[in-house]
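User: Please take a close look at one part of this structure, the place where the barrel closes, and go on from there to the aromatic rings.

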Amino acid sequence: MDRRTFVGSVGAAAVMARFGWAAAEHNIEKIGLELYTVRNDLQKDFEGTLARVAKIGYKEVEFAGYLGHLPTLDPAPKRAREILDGHGLTAPAAHVPYSALQPENWARAIDASKIIGHRYLVNPSIDREVLKQADGWKRAAETFNRAGEESLKAGIQLGYHNHVEEFKAVEGKLPYDILLSETDPKLLKMELDLGWAHEAGVDPLAYFEKYPGRFPLVHVKDFDKNGMMTEVGSGVIDWKAIFAKSEVAGIKHYFVEHDEPMLPFESILKSYNYLKQLSF
């Protein structure tokens, strides 16, 4: 192997590691699951549920709700990490309630996250009382900047997860655009829920181009032609077109999610099998 070939190989490997997809085939290397999808089973049997998730083939999970129970977490963070490790899983991200961002709670959330191995803490919903205030979205952006600066010092990136409301204009401006423009790109990244963006009529590719590198996490959620949530690959979203822009967006983690699956484990198996064979 000559120097040019070696350098090229090293570069390709670096790209693969950075963006979480295999460079040669452009498929997702580590498919993740948002655990909200199996929340009922998780509450009944934490370890058994994670074992079933891992057996399907998922390599990453995102916690939802767990850190909402500070300071009494069950299982304890150390035990949660042991369970993840024991089943070959990592949990690079977790959702946290807006209340967790408050100074009296944030340090504890960060400490627990470091034990479990989270690299991202993502807020999925801003308190309604905050948004009722004048400039509520800007106020939230201020909170995100403050909390994001604190978490980054501990090596954890703050993120925000959207639903549909962020794409409904408030006084002529989209709340999502307010958050993007009013926060420091280093302090707040976005976890774009691609399903809800689709339902809102938003083109994610336009956001990727306007805010490159701002979207290290995505929720992979599909809808059918009737607007009903369905398994990934069974709906109308063009995943090839979206994921072809993964490098521009900066996507590193892909989390499958279905809010109300009739049969959760059959649902996540079907989504996994689709994404496993998807090339882009």
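Analyst: Strand 3 (residues 31–34) pairs with strand 12 (residues 253–256) in the parallel sense, over 3 bridges. Two strands count as paired if DSSP finds at least two bridges between them. Strands (E, at least two residues) and helices (H or I, at least four) are DSSP runs, numbered from the N terminus. Leu33 stands opposite Val256 in strand 12.

This is a predicted model, in which local features need pLDDT of at least 70 and side-chain atom pairs count only at pLDDT 80 or more, while totals for chains, interfaces and linings use all residues. Residues are numbered from 1 along each chain as its sequence is written, and side-chain values use heavy atoms, with hydrogens and water left out.

The pairing belongs to a barrel of 8 strands, closed in the order 3-4-5-6-7-8-9-12, with parallel pairing. Strands of a sheet pair through backbone hydrogen bonds.

A search of the whole structure finds 14 aromatic pairs. Rings of Phe, Tyr and Trp (its six-membered ring) pair if their centres lie within 6.5 Å; planes under 30 degrees apart count as stacked, over 60 as edge-to-face and the rest as tilted. Tyr58 and Tyr272 form a tilted pair, with 5.1 Å centre to centre and 55° between the planes. Tyr58 lies in the loop between helix 3 (46–56) and strand 4, and Tyr272 in helix 13 (residues 264–277), so the pair ties together parts 214 residues apart in sequence. Both Tyr58 and Tyr272 are buried, where buried means under 20% relative accessible area, exposed over 50% and partly exposed in between (1.4 Å probe, protein chains only). Phe167, Tyr176, Tyr207 and Tyr211 form one aromatic cluster.
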